[in-house]
Amino acid sequence: MTATANWVANGASLEDCHSNIFSLAELTGIKWRRYSFCSGGEYGPVISAPAQDDPVLRSFMHCVQANLLCVWRRKIKPDARELWIFWWGEEPDFSDVIHHELKVADEGLWECGLSYECRTLLFKAIHNLLERCLNDKGFVRIGKWFFKPHELEEKSLGSSEHLSCSFSFFLHGESNVCTSVEIVQHQPAYHITERHIRLAQTSSTPVQAVSEKACACINAIQSYCLARVHLWPFMLKSGNML
């Protein structure tokens, strides 16, 4: 009996197999560049400055809008940020996305090796990309978990339909970036609306006292969002919270 016959007889067809591990990218040929704020030396602008005026965050926003694989992070000191950009093939035109006050602090390519630090930031950039795609599908993130909140008008679903997922990244072989997807059940979750607050305020239970604080929090968040209307929706999508 041939190997093919054995394979079919044992029912080991790939159509019947399932896996939570997926290949995402091939690192061969990848290039990267790190930008830092030139006016503040190595450590960048003061972190308390308005986010929309920060050269790193503004450049990051433009990179996301240009569909570039990128990530920003704080450096050793708490008042510093830097921007990392990754790409394959021909170098993109960065003239319209990089703030004029940012300068190239470092750059490299696959042939020169990929450090652990660079690989970790690449994983974060990929995670940010996945998060933006999930946000566009109506998912939200709490901690490492992504789930889709239910609407009040939706009928009650079985517990098996309330699912959350998280992603872990690893390098398979020398150059294959893979992700492992973990899926678990969770309690039904809904977006908090003013309707919830009004219902809680009319209740005679201790929830009423909590609802008053919730109202104050919602009002404060709304004021904060309005003051930063140009950057806030982007920050929610980017996965890089201040």
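Predicted model: local features only at pLDDT ≥ 70, side-chain atom pairs only at ≥ 80, totals over all residues.
Residues are numbered from 1 along each chain as its sequence is written, and side-chain values use heavy atoms, with hydrogens and water left out.

- Strands of a sheet pair through backbone hydrogen bonds, either parallel or antiparallel.
- Four strands form an open sheet in the order 3-4-2-5, with antiparallel pairing, and two strands are taken to pair if DSSP finds at least two bridges between them.
- Strand 3 and strand 5 (102-109) stand at the edges with a single partner strand each, so one side of each is left without a neighbour in the sheet.
- On average, and with direction ignored, neighbouring strands of this sheet are turned by 20° against each other; axes are lines fitted to C-alpha atoms, for helices over the stretch in contact, and angles run from 0 to 180 degrees between N-to-C directions.
- Strand 2 and strand 4 run antiparallel and are joined by seven bridges.
- Helix 2 (residues 55-65) packs on the sheet, where it touches strand 2, strand 3, strand 4 and strand 5, and its direction makes about 25° with that of strand 4.
- Helix 3 also packs on the sheet, touching strand 2, strand 3 and strand 4, and its direction makes about 115° with that of strand 3.

**A network of salt bridges**

- The structure holds eight salt bridges, each being a side-chain nitrogen of Lys or Arg within 4 Å of a carboxyl oxygen of Asp or Glu.
- One of them links E82 with R34, whose closest N and O atoms are 3.2 Å apart; E82 lies in strand 4 (residues 81-88) and R34 in strand 2 (residues 30-37), so the pair ties together parts that are 48 residues apart in sequence.
- Both E82 and R34 are buried, a class that means under 20% relative accessible area, with exposed meaning over 50% and partly exposed lying in between (1.4 Å probe, protein chains only).
- E82 forms another salt bridge with R73, the closest N and O atoms being 2.5 Å apart; E82 counts as buried because its relative accessibility is 1%, whereas R73, at 22%, counts as partly exposed.
- R73 in turn forms a salt bridge with E117, with the closest N and O atoms 2.4 Å apart, and because R73 lies in strand 3 (residues 69-74) and E117 in helix 3 (residues 116-136), the pair ties together parts that are 44 residues apart in sequence.
- E117 has 38% relative accessibility and therefore counts as partly exposed, and salt bridges that share partners join R34, R73, E82 and E117 into one network.

**R33 in strand 2**

- R33 is found in strand 2 and, with a relative accessibility of 10%, counts as buried.
- The side chain of R33 is joined to that of Y35 by a polar contact of 3.3 Å and to that of E107 by a polar contact of 2.9 Å; a polar contact is a pair of N or O atoms within 3.5 Å, and within protein one must be able to donate a hydrogen and the other to accept it, while residues adjacent in sequence count only if both atoms are side-chain atoms.
- Not counting residues up to four places away in sequence, R33 touches L83, W84, I85, W87, E91, F94, V104, D106 and E107, contact here meaning heavy atoms within 4.5 Å.

**S175 in a loop**

- S175 is placed in the loop between strand 8 (163-172) and strand 9 (176-185), and because its relative accessibility is 13%, S175 counts as buried.
- A polar contact of 2.3 Å joins the side chain of S175 to the side chain of E26.
- Leaving aside neighbours within four places in sequence, S175 is in contact with A25, E26, L27, T28 and W110.

**The chain overall**

- The chain has 242 residues, of which 34% count as buried.
- Among the contacts in the chain with a separation of 6 or more, 65% are accounted for by residues 24 or more positions apart.

Key:
Helix = DSSP H or I, 4+ residues; strand = E, 2+ residues; numbered from the N terminus.
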